[in-house]
Amino acid sequence: MTPLCSSFRASRLQLAIACAALGSSALGCSAAGGGPETSGAEPVAPTGAGASGGGGGIATGGTEGQVPPDGNVQQPAKPGNATSLCAASEPGAPALRRLSRRELENSLRDIFPVLGASWRSGLSADTVAASGFDNDNTQLLVSKQTVSELADTAEGIGTAVAGGLAQVLPCAASAPDAGCAGQFLDSVGRRLFRRPLSDAERTAYLGFFDTALTATGDFPQAIGWLTRGLIESPSFVYRREVGSASGQLQQLDQYEIASELAFTFSGSGPSVELLDQASRGELGSPEVLTQTARALLDTPSGHELIQTFFDAYVGHSKVTGISKAGVQEFAGLREQMLEETRHFIEEVVINEGGGPKQLLTANITTPTGALSTFYGFDAPASDYAIVERPAGKGIGLLAQGAVLATLSQPNGSSPTKRGLWIYKRLLCNTVPQVPPNIPELKPPQPGARTTRQRYELDHAQGSCQGCHSQWDPIGFGFEHFDEAGRYRELDGNLPIDTASHVNQQGVELFQYDGEEDLMTQLVEQPIVSQCMSGYLTTFAFGEALSCAGEGQRQAFIQGEIGVVDYLASLAGEPRFTQRVLAP
Amino acid sequence: MKEHTRVARARRGIERRLFLKAVGLGLSAPIAWQLCHSAVAQAQGARPKRLMIFYMPHGVPPEHFNPVFNPATPNEFSLNQSGVSILGSLEPYKQYVSVLQGFSYPGASTHQGILTMLSNFGDGRTVDDTTPRTTFEHVIANGLGARPLLLGAIPHRPCGIDTDGKLMWDGQYVVPEKNPLVAFDRTFGATTSSSGGAADVNVQLRNALTQLTEGQLGALRSELNGLTTAQSKLQIHLDSIQSLRIGAGAGQQSCDSVPSLPALDLIRQQSAGQPLEGDPCGGFFLDEANFPAIVDAQLQLAAQALVCNATPVVAVQMMYTNADINFAFMGSPGSHHATLSHTGPGSTGSGLSLETRVPFANAQKWFMDKLVTNVVAALNVPDPADPGRLVIDNTLIYCCGEIGEGAWHTSRTGKINFDNVTPPAPFSYMPITLIGGGGGAIKTGQVLRVNNDPAPDANNAANTKDRPAGDIYLALSRAMGVEVASFGNATNTLTEILA
């Protein structure tokens with residue numbers, strides 16, 4: 001299937017050419033990952049980690065090598081630019097996905113709720129892919145460290161299970177025997193493997209249970225060891241999306257679909273009820289799958305999953321780990337800022353079903369009383385209740401204190417960080433590699449020059465201008481917000497100029513004055529919704545694929561459906577249930 | 001000093017652990033026991049050797065870093081100089097110090113050198129954060145059959161690992177432990193259960209469980225035959241399990257007890273009840289407000305692990321590259337990367353004065369002072385495993401950073417036009433400092449310059465007369481008793497630092 005719109009691939013090329021033509025070549029483009037004024041963390045548009053090679057020695061991306069079936073076959077959705085539009089969606093490639101740390105921990109918490117805080121996860125953070133998400137299929141491997149940390153985690157749970165076995169396995173009190181161990185496999189084992197165990201697996205794990213019982217002479221301890229074995233099993237650690245041959249396609253089985261639904265839309269393994277539905281073969285039509293996805297997104301776990309997407313997409317959670325040298329109150333408010341943004345997302349995206357337009361232009365926020373005082377807003381009826389933002393003091397997600405403070409320096413605002421975020425995350429541009437020999441960016445000079453003047457002067461030096469001219473002008477629109485996210489009338493004692501413009505592919509999209517005007521005009525650009533939908537599919541499918549989420553994409557771009565409905569619609573895509581083996 | 005009760009590290013205990021390890025390898029009990037006696041006897045005849053990697057990000061201002069010396073007498077040098085003297089606190093330990101100049105990393109002349117510096121792996125052009133590699137500390141640890149202690153004070157951004165944090169690799173990238181309390185328990189607490197019948201049962205069942213998992217992996221591989229990506233993943237998984245079976249042994253700890261570590265106690269108090277890392281993606285150990293306290297705790301733990309021989313290999317990562325932690329806490333306000341490291345010297349260096357980069361120099365000196373106070377001084381004590389010598393006599397500390405010149409992002413030696421700096425410091429080198437006697441295998445107390453090119457080109461890897469840092473790693477590997485053929489393209493052991 002040929003992408004209808006390859007404009008963004010072209011735009012990157014054009015930008016690179018433009019950059020070179022502007023004399024920056026490899027030198028002046030301060031960008032993500034290293035310049036003195038960059039966010040550093042986020043590589044750019046969801047271009048598909050697979051395209052960049054590597055992958056720990058494994059083939060990257062979703063295409064699997066396999067003997068091709070006879071006849072003409074469809075091609076699987078390819079690793080690539082998830083922002084491109086396609087005429088129709090395509091099936092995926094078979095995959096074996098290692099669960100992310102979040103998915104592993106959520107699963108264990110859901111399967112062993114009675115254990116509470118009696119165990120602690122020893123799992124390290126996962127690698128963040130080029131997309132900015134930490135659930136990328138190509139990056140998640142079981143390294144030596146993973147094996148060790150998983151074993152530690154499993155030991156903690158195994159010990160907790162042994163210590164509180166009566167709650168986990170009632171038959172342990174009345175009939176602590178092999179039959180009871182079998183019941184454990186049928187209940188807990190089924191949850192961990194997300195399917196019933198095969199006969200061979202039952203035999204193997206019961207054999208291990210016998211070994212443990214003989215060695216320890218203690219039934220609870222033996223069940224503890226059995227628990228550890230199940231948790232360390234590849235059947236728990238990996239999600240299978242392989243299916244079996246059905247014509248020219250591979251059709252995922254019911255349990256594979258149940259797992260995919262649960263992890264994609266609730267961030268955890270399937271519930272007993274969902275497994276039961278799978279056992280009855282009820283996870284069939286796209287309509288049923290979409291309804292199930294919507295129901296999962298409506299649960300607390302689903303809400304948390306949506307917050308997880310925005311955490312990674314925006315990065316506002318980082319606010320709780322930063323400090324602001326000149327704003328004493330900030331340390332006591334940063335946790336509240338994070339909660340404010342979570343409540344804002346909950347209200348606009350989840351409760352109101354909003355999409356990009358509502359998210360970026362909503363004229364509300366959800367502060368605490370202390371935050372409203374800090375911002376200079378009217379106090380809410382209660383902490384995190386909705387208040388209307390005062391006119392002229394910002395709108396939407398990007399006016400949130402947590403976002404503005406994160407996209408700032410410790411001692412000043414940052415037009416570069418703020419502009420760069422939009423340049424990458426809303427306009428889906430790629431940022432060039434940081435060059436060596438970056439000229440100095442002068443420290444803030446309150447009263448002498450505004451931040452904008454300083455950036456304009458310093459980034460006009462040498463080879464900086466070629467790239468910074470792409471995103472700094474976008475960031476100038478936020479200059480009425482200081483490094484802690486507060487509205488300010490003046491920068492020091494100097495007036496603030498927020499009149500600027502937005503370029504795309506070297507062409508001016510529009511001129512604006514101030515954050516509200518910037519946001520209002522930005523959301524009218526189709527690329528913004530198109531770009532966000534690419535990030536949503538990348539997050540949902542755990543890798544950047546082209547042509548994977550087209551069914552409801554135009555509806556999303558047109559503003560007919562919001563973030564939650566678009567996410568749920570992905571369950572009805574061919575990619576969700578079908579796989580194609582690469583020829 | 002308050003004493004924690006810890007297990008005695010007696011000869012019998014050492015033999016027992018080695019025995020359990022051998023059983024883990026699948027050897028029969030009598031053979032395993034025989035091997036253990038042999039290993040202990042060998043260990044008793046050799047001097048203990050310890051290695052520590054100390055990573056400090058964002059380069060240095062060379063006018064405040066380079067030692068003062070006459071190239072004709074490289075053994076006579078001063079670490080105190082007219083600038084801030086980043087290495088100044090090492091002056092009392094100068095007989096243990098070697099400053100190495102004229103080496104290069106295969107970085108891409110940016111902070112992404114963090115990906116390549118300890119493995120000497122990379123082509124100097126592309127940013128590759130996925131291809132498997134093994135970094136120096138793991139080469140040594142694996143060679144010694146030991147598990148290294150890997151610590152990181154805010155070593156990556158909240159919410160996950162990106163390119164800027166990936167310093168250490170053992171095939172795949174390895175995340176250093178952020179929480180020194182967890183690391184302490186793992187380092188000193190694990191051996192408390194290594195005696196008695198329960199330990200034997202644990203080893204037996206651990207091995208049975210590993211066999212079971214290997215069997216399940218094998219079955220899955222058969223089932224997915226032909227799916228190449230899945231096969232590769234499962235092979236990495238299998239290799240990981242098998243390598244841990246081999247390397248599961250604890251060190252031969254030589255302390256009868258572990259003293260209380262004040263910085264660790266402070267962290268314990270401060271972090272009590274606080275959300276830890278991953279909650280949701282920040283937490284105490286990724287909060288920059290806690291950075292100074294975390295640094296102290298990790299360095300004290302590192303030193304204690306070395307003193308007690310809890311592991312022969314320790315690595316400590318100070319922050320990630322591009323970290324914008326505010327260094328106001330030590331008197332240099334501003335973010336470490338954006339503000340401090342990029343202050344001066346402009347694009348040419350012309351007009352720079354010695355005062356220009358004092359805040360940045362002080363920040364880098366803060367790191368070195370922390371290393372000296374918490375580690376070097378702590379190693380300057382009798383070696384419990386080698387009576388008559390000091391721990392520092394039997395230790396190697398490799399101090400390094402991913403770039404040379406802080407503002408210019410150099411990955412190799414460069415010439416800088418610091419015309420207003422007195423005394424002149426015209427060259428910028430990768431900041432490499434060796435501390436410690438390395439068990440007698442290292443020649444210490446010198447400034448070793450291997451590139452005397454009067455006009456080095458920092459911007460062109462093809463023109464450099466530097467030697468690859470891998471040459472140093474080859475020499476240090478030999479000093480540690482681990483022979484390695486190459487690190488990346490480096491095959492020429494730096495014998496000049498070997499005793």
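User: What distance separates the sulfur atoms of A:Cys428 and A:Cys531 in their disulfide?

Analyst: A:Cys428 and A:Cys531 form a disulfide, a term that stands for a pair of cysteine sulfur atoms within 2.5 Å. The model is a predicted one, in which local features need pLDDT of at least 70 and side-chain atom pairs count only at pLDDT 80 or more, while totals for chains, interfaces and linings use all residues; side-chain values rest on heavy atoms, with hydrogens and water left out. Residues are numbered from 1 along each chain as its sequence is written, and chains are lettered from A and ligands numbered from 1 in the order in which they are written. For A:Cys428 and A:Cys531, the distance between the sulfur atoms is 2.0 Å.

User: How many residues apart are A:Cys428 and A:Cys531?

Analyst: The link of A:Cys428 and A:Cys531 is right-handed, with 90° about the S-S bond. A:Cys428 belongs to the loop between α18 (415-425) and α19 (451-458) of chain A and A:Cys531 to helix α22 of chain A; helices (H or I, at least four residues) and strands (E, at least two) are DSSP runs numbered from the N terminus. The pair thus joins distant parts of the chain, at a separation of 103 residues.

User: Why is the disulfide of A:Cys86 and A:Cys547 left-handed, and how many residues apart in sequence are the parts that the pair ties together?

Analyst: The disulfide is left-handed because the torsion about the S-S bond of A:Cys86 and A:Cys547 is about -65°. A:Cys86 lies in strand β2 (residues 85-86) of chain A and A:Cys547 in the loop between α22 (526-541) and α23 (553-557) of chain A, so the parts tied together are apart in sequence by 461 residues.

User: Is B:Cys308 buried or exposed?

Analyst: B:Cys255 and B:Cys308 form a left-handed link, with -100° about the S-S bond. B:Cys255 sits in the loop between α6 (228-246) and β10 (258-259) of chain B, and B:Cys308 in the loop between α8 (291-307) and β11 (313-318) of chain B. Buried means under 20% relative accessible area, exposed over 50% and partly exposed in between (1.4 Å probe, protein chains only). With a relative accessible area of 0%, B:Cys308 is buried.

User: Which cysteine has the sulfur nearest to that of B:Cys400?

Analyst: B:Cys400 counts as buried at 3% relative accessibility, and B:Cys399 likewise counts as buried at 3%. B:Cys400 is in no disulfide, and at 7.4 Å the nearest cysteine sulfur is that of B:Cys399.

User: Which strands stand at the edges of the open sheet of 3 strands in chain A?

Analyst: The strand order of the sheet is β5-β6-β15, with antiparallel pairing, where two strands pair if DSSP finds at least two bridges between them. Each edge strand has a single partner strand, so one side of each is left without a neighbour in the sheet, and these strands are β5 (244-246) and β15 (578-579).

User: Which residue forms a salt bridge with A:Glu241?

Analyst: A salt bridge is a side-chain nitrogen of Lys or Arg within 4 Å of a carboxyl oxygen of Asp or Glu. A:Glu241 has such a bridge to A:Arg575, with the closest N and O atoms 4.0 Å apart. A:Glu241 lies in strand β4 (residues 238-241) and its partner in helix α25 (residues 574-577), both of chain A, so parts 334 residues apart in sequence are tied together. A network of salt bridges also includes A:Arg97, A:Glu103 and A:Glu543, and the partner of A:Glu241 asked for is A:Arg575.
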